[in-house]
Amino acid sequence: IDTLDETLGETPEWIIERYKDLPYTFSLIQESGEKNAYSTLGWHIYLTQEFLDTVKNYETLDFVVGHEIGHIEHRDFLKNIIPTLPIHIIFSLWGAQELSSIFTSLIENPFNKQQEINADMFGLDFTYQKNAHIGCALDFFKDGNTLKDNILEMFSEHPMTQNRIKKAEAYIQKKWYTQTRCTPILN
């Protein structure tokens, strides 16, 4: 998001209240055009208004927030920046920033995909700790398994949605997490 400051809205009080015991700062991004969440250095988590408009239960919200916390706790940003920084510098000196982006994407994508899977597992653990069950935690993925998603997976830093769901379901079985109910958001 290039103009982040212009798109920030007031974070809903119920979000602040739900996560008040965590050391992270939450912000709302209005009109981003996508249903998503992001995390950045400095322990900051951004939720899009589109995501909050569609999330129907606390388990889905907790899974997505936990996923972003996983990226922060695993220091995924630093793991991506440090190995590719020399590549960016060299290509920038040659005046080939576009090639730098393409080259580093090819190098980073396999690592990014594993980071996404690891963050998903962290999100499941976070959801279970918060709710003592994980019912509906994977609802976020229901709309994300399109033909376009599957075709573009090889170029994306995110794994194919169906693969993420399979890995998450295997993890749920391994951990014996219960999925007995969903807790609706009543805001």
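The link of Cys136 and Cys182 is right-handed, with 65° about the S-S bond. The sulfur atoms of Cys136 and Cys182 are 1.6 Å apart, and a disulfide here is a pair of cysteine sulfur atoms within 2.5 Å. By this rule the count comes to one disulfide. Cys136 sits in the loop between helix H6 (97-131) and helix H7 (147-152), and Cys182 in the segment after helix H8 (161-175), so the pair ties together parts 46 residues apart in sequence. Helices (H or I, at least four residues) and strands (E, at least two) are DSSP runs, numbered from the N terminus.

Before going on, the basis. This is a predicted model, where local features need pLDDT of at least 70 and side-chain atom pairs count only at pLDDT 80 or more, while totals for chains, interfaces and linings use all residues. Residues are numbered from 1 along each chain as its sequence is written, and side-chain values use heavy atoms, with hydrogens and water left out.

Now strand E2. Four of its five residues are buried, meaning under 20% relative accessible area, with exposed over 50% and partly exposed in between (1.4 Å probe, protein chains only). Thr25, in E2 (residues 25-29), counts as partly exposed because its relative accessibility is 40%. Leaving aside residues up to four places away in sequence, Thr25 touches Trp43, His44 and Ile45; contact means heavy atoms within 4.5 Å.

Which strands pair with E2? Strand E1 (residues 8-9) does, antiparallel, over two bridges, and Gly9 stands opposite Leu28. Strand E4 (residues 44-48) runs parallel to E2, joined by five bridges, with Ser27 opposite Tyr46. Pairing requires that DSSP finds at least two bridges between two strands.
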